[in-house]
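Visitor: I have a model open and want to learn how to read it. Where do we start?

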Amino acid sequence: MERSAQRLGRALIVVVDDRIAHGEHDDSPGPLVTELLEEAGFIVDGTVAVAGEVVDIRNALNTAVIGGVDLVVTVGGTGLLPRDVTPDATQGVLDKRIPGIAEALRSSGLAAGAVDAGISRGLVGVSGSTLVVNLAGSRAAVRDGMATLSSLVPYVIGELSGWDGN
C-alpha cells in the first residue's frame, strides 16, 4: 500500500493567542486547522491554546514532541509585535531548521494576499522526529499555509519515519 493512501500520522495544533488562552475570545483557528489536517490524512490529537509567552509555547511544543506526534502546527504569534514570540520559543525546541519550507510559506502567503504570512517570522524544523511548523494567525494564512504544506509534509514525515518511497 502506498504511503499516500495511509494515514500520515498524528498531529497537534498549538494556537498562540492571549485572548483565546484566557477564554476571552472563542474564534480559534483550531477547527479550521483540524479540518485541513484531517483532509490531508492526519489524525489530530487536539488543539492547545496558549498565551504568547515563550515558556508556555515551548512547554506545549516539548509536550507534543515527547508525546510522539509527527507534526505540530502552531498558529499565531509570528509577527512583529512584542507578544509575537512563537518563533523565539520554537527556535529553542528545534534540532534542525528547514528554512526552505518557511520561505515557501512566506512566499505563497504573500502571493495569496495574506500579508501576515508574508511578513511572518515563522520557523519550520524538526525536533526529535516531529515536524514543527509555525503559521501566521489569519484564516487566509492558515488556508494558504496548509495548501503549501500539503505537498511537502508527506515527504518530510516519510524522511523522519525512515520511509524511502519504494
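Visitor: What average pLDDT does the chain have?
Guide: pLDDT is the predictor's confidence in each residue, from 0 to 100. The chain averages 92, and 94% of the residues score at least 70. Residues 1-5 stay under 50. Where pLDDT is low, the predicted coordinates should not be read in detail.

Visitor: In what order do the strands of the sheet lie?
Guide: Strands of a sheet pair through backbone hydrogen bonds, either parallel or antiparallel. Here strands are DSSP runs (E, at least two residues), numbered from the N terminus. Two pair if DSSP finds at least two bridges between them. Six strands make an open, mixed sheet: β2-β1-β3-β6-β5-β4. β2 (42-50) and β4 (96-97) each have a single partner strand, so one side of each lacks a neighbour in the sheet.

Visitor: Which strands does β1 pair with in parallel?
Guide: Eight bridges link β1 to β2 in the parallel sense. Arginine 10 has isoleucine 43 of β2 as its bridge partner. Five bridges join β1 (residues 9-16) to β3 (residues 71-75), also parallel. There, alanine 11 stands opposite leucine 71.

Visitor: Why is β1 largely enclosed?
Guide: Buried means under 20% relative accessible area (1.4 Å probe, protein chains only). Seven of the eight residues of β1 are buried, so the rest of the structure largely encloses this strand.

Terms used:
Residues numbered from 1 in each chain as written. Predicted model: local features only at pLDDT ≥ 70, side-chain atom pairs only at ≥ 80, totals over all residues. Heavy atoms only, no water. Helix = DSSP H or I, 4+ residues; strand = E, 2+ residues; numbered from the N terminus. Contact = heavy atoms within 4.5 Å. Buried < 20%, exposed > 50% of the residue type's maximum accessible area, 1.4 Å probe, protein only.
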